[in-house]
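Here is a friendly walk through one protein model. Please keep the sequence and the structure open beside the text as you read.

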Amino acid sequence: MVTIPFFVLNILLFLSSSAATPKSGADHDLVRSSCVHASYPSLCFRTLSSYSGPANTPRELAQAAVKVSLSRARKVSNYLSTSVTGYNKRERVALSDCVEQIDESMEELSKTLGELKHLRGETFEFQMSNAQTWVSAALTNEDTCLDGFEGVDGKVKSNVKRKITNVAKVTSNALYMINRLNESRGRHR
């Protein structure tokens with residue numbers, strides 16, 4: 001992973017924030033301050049500052065990050081499901097296995113979203129533990145998908161790797177937002 005100096009990151013975030021986003025100043029500031037230490041800060045800022053739903057609190061921001069991840073996973077699953085023609089048997093098997101892994105990731109992310117929507121004070125820690133476990137499992141599934149392409153060369157592998165890596169990055173950022181929410185102990189719920 002490349003380390004970006006903090007001042008360069010702030011400049012990049014500032015420049016990307018000037019690209020007309022629908023967020024108000026306060027919402028924009030929350031996204032910026034929340035994304036600055038994410039695994040992929042510029043991707044985090046770009047996806048969450050342009051998110052069309054509510055993201056006014058740390059809880060809504062975590063939900064938005066999971067929704068972004070779920071949406072990207074769904075698109076990749078649909079793409080992979082429809083692109084199995086024209087490949088050899090080994091590639092088709094890898095694609096099929098990958099679709100299963102991404103579908104499992106979507107289930108994990110959906111469970112996470114449900115948990116985040118219904119956080120309660122008395123069960124907050126348990127619910128956050130569930131959310132962290134499920135998003136971690138989604139990341140594992142995404143990695144497992146890529147493992148299936150060991151020994152496969154060419155265009156199919158590079159296309160899948162690019163798409164899955166993108167999903168894994170937004171999923172990693174979603175896990176970061178969930179961890180931030182957990183650390184805040186649910187303030188601004």
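In what order do the elements of the protein run from the N terminus on? They run α-α-α-α-α-α-α.

## Overall fold

This is a predicted model. The protein has 7 helices and 0 strands. Of its 189 residues, 46% count as buried.

## Helix H3 and its crossing with H4

Helix H3 covers residues 41-49, and helix H4 covers residues 58-82. The two pack at an angle of about 95°, and their axes are 10 Å apart. Angles of 65 to 115 degrees count as roughly perpendicular, and H3 and H4 are therefore roughly perpendicular to each other. On the H3 side, the contact is made by Leu 43, Thr 47 and Leu 48. H4 contributes Leu 61, Ala 64, Ala 65, Val 68 and Arg 72. Sorted by class, this contact has 6 nonpolar residues, 1 polar and 1 charged.

Is H3 largely enclosed or largely open? It is largely enclosed by the rest of the structure, because 7 of its 9 residues are buried. The buried residues of H3 are Pro 41, Leu 43, Cys 44, Phe 45, Thr 47, Leu 48 and Ser 49.

## Ala 174 in helix H7

Helix H7 spans residues 155-183 and includes Ala 174. Ala 174 is buried, with a relative accessible area of 0%.

Which residues does Ala 174 touch, leaving aside its neighbours within four places in sequence? They are Ala 65 and Val 66. Along the chain, Ala 174 and Leu 70 are 104 residues apart, yet their C-alpha atoms are separated by 9.9 Å.

Now have a look at Glu 142, which is found in helix H6, residues 124-147. Glu 142 is buried but has no salt bridge. Where is the nearest side chain of opposite charge? It belongs to Arg 72, 11 Å away.

What, then, surrounds Glu 142? Apart from neighbours within four places in sequence, Glu 142 is in contact with Ile 102, Ser 105, Ile 164, Val 167, Ala 168 and Thr 171.

## The salt bridges

How many salt bridges does the structure hold? There are 2. One of them joins the side chains of Lys 111 and Glu 108, at 3.4 Å from N to O. Both residues lie in helix H5 (residues 89-117), where they are 3 residues apart, about one turn of the helix.

Arg 120 is partly exposed, with a relative accessible area of 41%, while Glu 122 counts as exposed at 66% relative accessibility.

Key
Residues numbered from 1 in each chain as written. Predicted model: local features only at pLDDT ≥ 70, side-chain atom pairs only at ≥ 80, totals over all residues. Heavy atoms only, no water. Axes fitted to C-alpha atoms, helices over the stretch in contact; angles between N-to-C directions. Helix = DSSP H or I, 4+ residues; strand = E, 2+ residues; numbered from the N terminus. Parallel < 35°, antiparallel > 145°, perpendicular 65-115°, else oblique. Contact = heavy atoms within 4.5 Å. Nonpolar A, V, L, I, M, F, W, Y, C, P; charged D, E, K, R; others polar. Buried < 20%, exposed > 50% of the residue type's maximum accessible area, 1.4 Å probe, protein only. Lys, Arg positive; Asp, Glu negative; His and termini not counted. Salt bridge = Lys/Arg side-chain N within 4 Å of Asp/Glu carboxyl O.
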